[in-house]
Amino acid sequence: MPSKDSKEEKKEKAREVVDILEEISLLLNTHLDRPQLSLCVSLIENGVNPEALATAISDLRRDADDLQRVEIKDVA
Amino acid sequence: MGDNRSNRVDSTLNALLDSFIAPRAAGEDEEAFEERAEYALERGKSTVNQGSSITASEINQAHDLIRRKLLRDNASPEKAARFGNLYSRLLSTPVLNQKWSILYLLYRLAEEEPGEHQRGPLAESAQLANLFHGEPNEKLKALKDLDDSGPEHASLPNGSDVLSNGGFSGQEYPSRARSRTQKPPVPKFNHAEPGDDQDVEAKVYTIDPPEDALLRDLPFNLQGLSSAHLNFTSSTTVKLPPTLPIPIISLLHSLAEPCLLYRGLSEFTQASNGGLVSQSLRAAIGIELRSYLSLVATLEGEIRRCLTAAEKDDTPMGVRKAGVTLKRCVIWTRDATMGLRLMTLVVEESEQKIGGQLISLIHGFSSSHGDPFVGAFAERLLTRVTRPFYDMLRRWIYDGELVDPYHEFFVSEPDPSTRPDVDPRRVETSVWEDKYSLDPSMMPSIISADFAKKIFLIGKSLNFLRHNCGDSDWVIEHSKSATKELRYGDTATLEASIDEAYKTTMTRLTRLMSHKYHLFTHFTAIKKYLLLSQGDFIALLMESLAPHLDRPAYSQYRHTLTSQLEHAIRHSNAQYDDPEVLRRLDARMVELGSGEIGWDSFTLEYKISPPCDVVITQWASMQYLKVFNLLWRIKRVEFSLSTTWRRCMTGSRGVLSSVEDRVGGDWKRARCVIAEMVHFVNQLQYYILFEVIEASWDQLQTAMNKQDSTLDDLIEAHKKYINSITHKGLLGNPRHASTGQREDSFLSQLHYILKNMLAYKDVVDGLYSYSIAEFTRRQEFSAQIEHRTAQGKWGITERDLLPSESSRASTPISGGTQPYRQSVLLSDNDSPLPLGSIGAGADKNLLVSLRARLLQLSTEFKSRINMLLYDLAHQPDVDMRFLGVVMNFNEVYKPVNVRRQKAKERERERREMERRSREVSAVAGEEGEGSGIRSAARA
């Protein structure tokens, strides 16, 4: 069945793309794991602004950092 | 559809953001965590939905941005190449529509976590100094990454737990360490690769003291402090515990190096002696050491954290994950060790060096060392070390002041007491030449020699302007307006600003010299008056001075000389000259030995005042005086020769024609010789004035009018000018050019010839007065004849004839003999005859001696000329050979080499002697033979 074939093919292609992107992300040390990366890809494919997304992610990361730091301070 | 899509986006976003929310902290209860997560989610969503101002074009350049970032962050282009490869693969896949946006996202995420890609503290060696900004934060992140980077790390307690329970206390460690060593199955801190054989290795090594104890002490050791296991016995040795296995010892060996180096360097930075440059070196090294210390601090943090982590978690995984081992410490400190090593090298080599040499030394590392790390490091040191140097340089080229308390600059101010007094040419020390000197050994290699010379000249000129030309206002103004910050590294700007300073300063100085101090006017005036260019003035001066100067030197009075000078100025064109110039002109007598007449010691003088005496130095004035002296002599000879010539020319039409029968031949000869002399003098004068002085003057003028000439150029040109006029003007070169043998200098030869001429002129004057006397005698004689004829006596008596017959000459005062003769007549005695004959004899003797003297002087003159011509013909200088040709254009003189002739004569004499002695012996032999023959015949 051509439609199923094409679907398989598409999936295959998508995996390939995510592979590539993961490698780039590794190169850049973005610390995104594969599920995160694919989520991001799908978001952006759906028209989410990459700048905004980046800001959001880094905000969250910073929050986490802050939290940890606060705890360290508490300990000290 | 749209709704569906937005829903999908929403859920995906939720999933994504969820994964980023920090995990629940230890002390946090469920609700708070929920709340926090909710809040974070909301905020993330709103941020995403808000969108942003990012433009499409920027997004489309994402791949470019990434590549640049990779190139920037990594020493090798390998990663960038890999990225390029991936990117082209990505482009070829048709699945994605928003490739660039995704790339941009990745780029942004990477960008916002600077340094996170560096795992080792010293991955970027070039940034040793400022490496650890925000490093602790990074490390925390690294820990956190460990936490949330996947399920396989789940066993690891998260960082906050570790830290909250950790609590470093010194006592805790040994016990723990001991406890660890007592548990054999637990792997030690062996830095082995992960693998199944780990346990085996662990059994092999039992380390005492344990590695974590060593690690704990390491930060102290790295600061050069002794610890329980590593003991610094002296400043250059460290004692390692003997119980350690060899691999650990070798690791400690490499770790001991930075410890020892740091000790040495920190000692060096504590010292406070040395010049500014070495102090700045010290400061620079101090800064480097600070960054080293911050590295140590980071290391310490790492070590502690990891030790705590290891303490908390006994599994082998935890130990390895904590990841701080001695080996890793070695790796981390490797670059720092290289830096320390380099600094130690610099410090050791700089012990004997100061200032520029020190800079050259470091510059040598930065420019010619093959290792880029060393190059970059030295470059960084250099920036700080050269700061005092550039400060000095700035002061020097903008203010013309040498601010160099430790004698480190390449311009030095010689100590007046130690200044060697070698050059006799400079009688007085010249402000320009001697005040500062260039010290090539102190010249740093960061500036070229040409450049240094330029800098030297700038500062010297400014200093000269300020202190000797009284133009400090301009200098201050200039330094205010032009001063620029100079520093290392910006060679182009430095060169440009120095060139500019050079140009302005030189222009200013040359302008000042020519306009305010009339240097060029002085040159012209000297040429006019001392080198006899102003003919009418010199002729007038000579004419008016001649009667005075014939008298002995001691009877010359300065006021007569100056008044005659004044007279000469007023009656010649010199009166229109600049009064400033005329004021400087002075006539005086040179102090000479007694017995000189005025001619020999008279001299004109041109007074030079500072700052022009920098160019027209004392030495130059002396040379001018010498040239003037020679010219003045020649002029004087010319003057007296022409006087005599005039006299005998006018005389030959009147007085002399009537005595032609007596002295006509003598006069003819004398005229010939005088003509020869006049020719000689004229040629000599022509040569010196036109071939030598004018030609050199032309060169000097060309040099003066050159657009960008500096004071040094001027001095050089003037020196050349003087050298050429003295050398070509037959004054210099007392030694033979090729043989070095001392010979009669041209000057002494010329003096001799000139003296000869004057003597000849005196004799000719004698001849003239003799001729006049003869003429008068004849006149009186004929007058007497007439008188007697009128009285009716015989015109000529026998008595009258007798003396005249005997000598055909008569005493000059024959008129005076009349009463005497009468008295003789009265006494009726013939006794006057011998008296008269005596007088006639004296008369005759006088003429004969005059003739002999004339002949002698003229032959001497000729032989002298021949010698001079020979010497001239063998001069290397074309102009001087030309003088010989001009003097002897019709080859009437035969140049002879006196020295060779003399040698020849001696040789001939010797040969003659030999021949004679041989002959004598031969004769003796012949005689012997002859007797033998004779005896044979007899037999």
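The paragraphs below lead the reader through a predicted model, from its two chains to single residues.

Because the model is predicted, local features are reported at pLDDT of at least 70 and side-chain atom pairs at pLDDT 80 or more, whereas totals for chains, interfaces and linings use all residues. Residues are numbered from 1 along each chain as its sequence is written, chains are lettered from A and ligands numbered from 1 in the order in which they are written, and side-chain values use heavy atoms, with hydrogens and water left out.

Chain A has 76 residues, of which 46% count as buried. Here buried means under 20% relative accessible area, exposed means over 50%, and partly exposed lies in between (1.4 Å probe, protein chains only). The secondary structure of chain A consists of three helices and zero strands, and its elements follow the order α-α-α from the N terminus. Helices (H or I, at least four residues) and strands (E, at least two) are DSSP runs, numbered from the N terminus. The accessible surface of chain A is about 4,000 Å², with 53% belonging to carbon and sulfur atoms. Such areas come from the Shrake-Rupley method with a 1.4 Å probe, and for residues only the protein chains shown count as cover.

Chain B has 939 residues, and 46% of them count as buried. Its secondary structure comprises 37 helices and six strands. The accessible surface of chain B comes to about 48,100 Å², and carbon and sulfur atoms hold 53% of it. Among the contacts in chain B with a separation of 6 or more, 72% join residues 24 or more positions apart; contact means heavy atoms within 4.5 Å.

The interior may be considered next. In soluble globular proteins, nonpolar side chains tend to be buried together. A nonpolar core is a set of buried Ala, Val, Leu, Ile, Met, Phe, Trp, Tyr and Cys residues joined through side-chain atoms within 4.5 Å. The largest such core has 192 residues, and those touching the most other members are B:Phe410, B:Phe537, B:Phe602, B:Trp632, B:Phe680, B:Leu711 and B:Met757. Helix α30 (residues 660-705) of chain B gives the most to this core, namely 18 residues. Beyond its neighbours within four places in sequence, B:Leu711 is in contact with B:Trp432, B:Phe464, B:Leu509, B:Met513, B:Val614 and B:Val615. Another core, of 47 residues, lies apart from the largest one and includes B:Leu16, B:Ala62, B:Leu70 and B:Leu86.

Two helices of chain B show how length and form can be examined. The expected span of a helix is 1.5 Å times one less than its number of residues. Helix α12 (residues 246-270) of chain B has 25 residues and reaches 36 Å from its first C-alpha to its last, close to the expected 36 Å. Within α12(B), a kink of about 25 degrees lies at B:Leu255, shortly before the proline B:Pro258; the bend at a residue is the angle between axes fitted to the seven residues ending there and the seven starting there. The buried residues of α25(B) are B:Thr560, B:Leu561, B:Gln564, B:Leu565, B:Ala568 and B:Ile569. An α-helix has 3.6 residues a turn, so residues three or four places apart point the same way. The cover over the buried residues of α25(B) includes α24, α26 (579-584), β5 (585-589) and β6 (602-606) of chain B.

Helix α24 (residues 535-549) of chain B holds B:Ser544, which counts as buried because its relative accessibility is 14%. Leaving aside neighbours within four places in sequence, B:Ser544 is in contact with B:Gln564 and B:His567. Its side chain reaches the backbone oxygen of B:Leu541 at 3.1 Å. This is a polar contact, a pair of N or O atoms within 3.5 Å; within protein, one must be able to donate a hydrogen and the other to accept it, and residues adjacent in sequence count only if both atoms are side-chain atoms.

A second polar contact to consider, of 3.2 Å, joins the side chains of B:Asp765 and B:Arg647. B:Asp765 lies in helix α32 (residues 746-791) of chain B and is buried, with a relative accessible area of 17%.

Finally, B:Leu382 in helix α17 (residues 372-385) of chain B is buried, with a relative accessible area of 0%. B:Leu382 and B:Tyr488 are 106 residues apart along the chain, yet their C-alpha atoms are separated by 7.4 Å.
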